[in-house]
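Hello,

Here is the structure for you to look through. My notes follow below it.

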Amino acid sequence: MVDFSGHLSPGAVATDQRGTEAMTREADVRQALEKVSHIYGFHGFMVMVVPAKTCCSLSDTVVMTNWPKDFLINYDAANMMAGSPVIARLRKSTIPFTYDTTLDSPRRSDGRGSEVLSLFERVNLRRGVYIPVHDVHGTCGAIAFGGDRELVNSAELKELTYKAGQLFGRLSEIRGIRTPMPAVLSRREVECLHWAAAGKTTTEMAKILDLSEYTVNHYLSRATRKLDSVNRVQTVAKAIRAGLIN
């Protein structure tokens, strides 16, 4: 592992934990990210919250960055988020991945790969890595490191993933990063999710709440749609992380 001084050491994990807990300001996290970027030979970093499908501005998702301002301005001015395979991948996967604009143009659904490639090259962000991260509240984000060094190897990727997770978690604690919930749940929807979280079946919930099983399923289905989930388990998990149920 790598500590903030840039030296490899077997005891760096414990040292890193103490160092992260000592950070009390956003400026401390920024300084740490800048140091990590320097240690690994990147030009800079970008911390973002994974955007909802309705979001069309990269700038609105960025929490902290030292990438050139012109990059974000030009990216949003050209509406490049709409067809971004990177954003689509971050929405679906928690696996870190690298990019290299010198090998191939990004495969975009809108056919604007060469335009995006040119933008990244102009600001010397030809190669880098995107690391999906999350905090204790379930907020999904990503930390990107970019520059013109060669692609990171597996050992470096493991170290960067560990460090990115620590720093995003600490930044979230300091700044209070949260993913906004798409809708407010009704009292009945919250009640049904509460009992679902307690492990009750639909039949048991119907008896407890004095409702029909059809009505219980209706409330649970509506909550699932509101929280943009795919099943009851994910809905319960999202509701707990958002503080909607205990």
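What share of the contacts in the protein with a separation of 6 or more comes from residues 24 or more positions apart? The share is 60%, where contact means heavy atoms within 4.5 Å.

A word on the source. This is a predicted model, where local features need pLDDT of at least 70 and side-chain atom pairs count only at pLDDT 80 or more, while totals for chains, interfaces and linings use all residues. Residues are numbered from 1 along each chain as its sequence is written, and side-chain values use heavy atoms, with hydrogens and water left out.

Now the overall picture. The protein has 10 helices and five strands. These are DSSP runs, numbered from the N terminus: helices are H or I with at least four residues, strands are E with at least two. Of its 246 residues, 43% count as buried. Buried means under 20% relative accessible area, exposed over 50%, and partly exposed in between (1.4 Å probe, protein chains only).

T101 sits in the loop between β3 (97–100) and α5 (113–122). T101 is buried, at 7% relative accessible area. Leaving out residues up to four places away in sequence, T101 touches L117, F120, E121 and R126.

Last, the cysteines. A disulfide is a covalent bond between the sulfur atoms of two cysteines. Here the cut-off is a pair of cysteine sulfur atoms within 2.5 Å. The structure holds zero disulfides. For C56, the closest cysteine sulfur is in C55, 6.1 Å away, and that is too far for a bond. C56 is exposed, at 51% relative accessibility. C192 is buried, at 0%.

Best wishes
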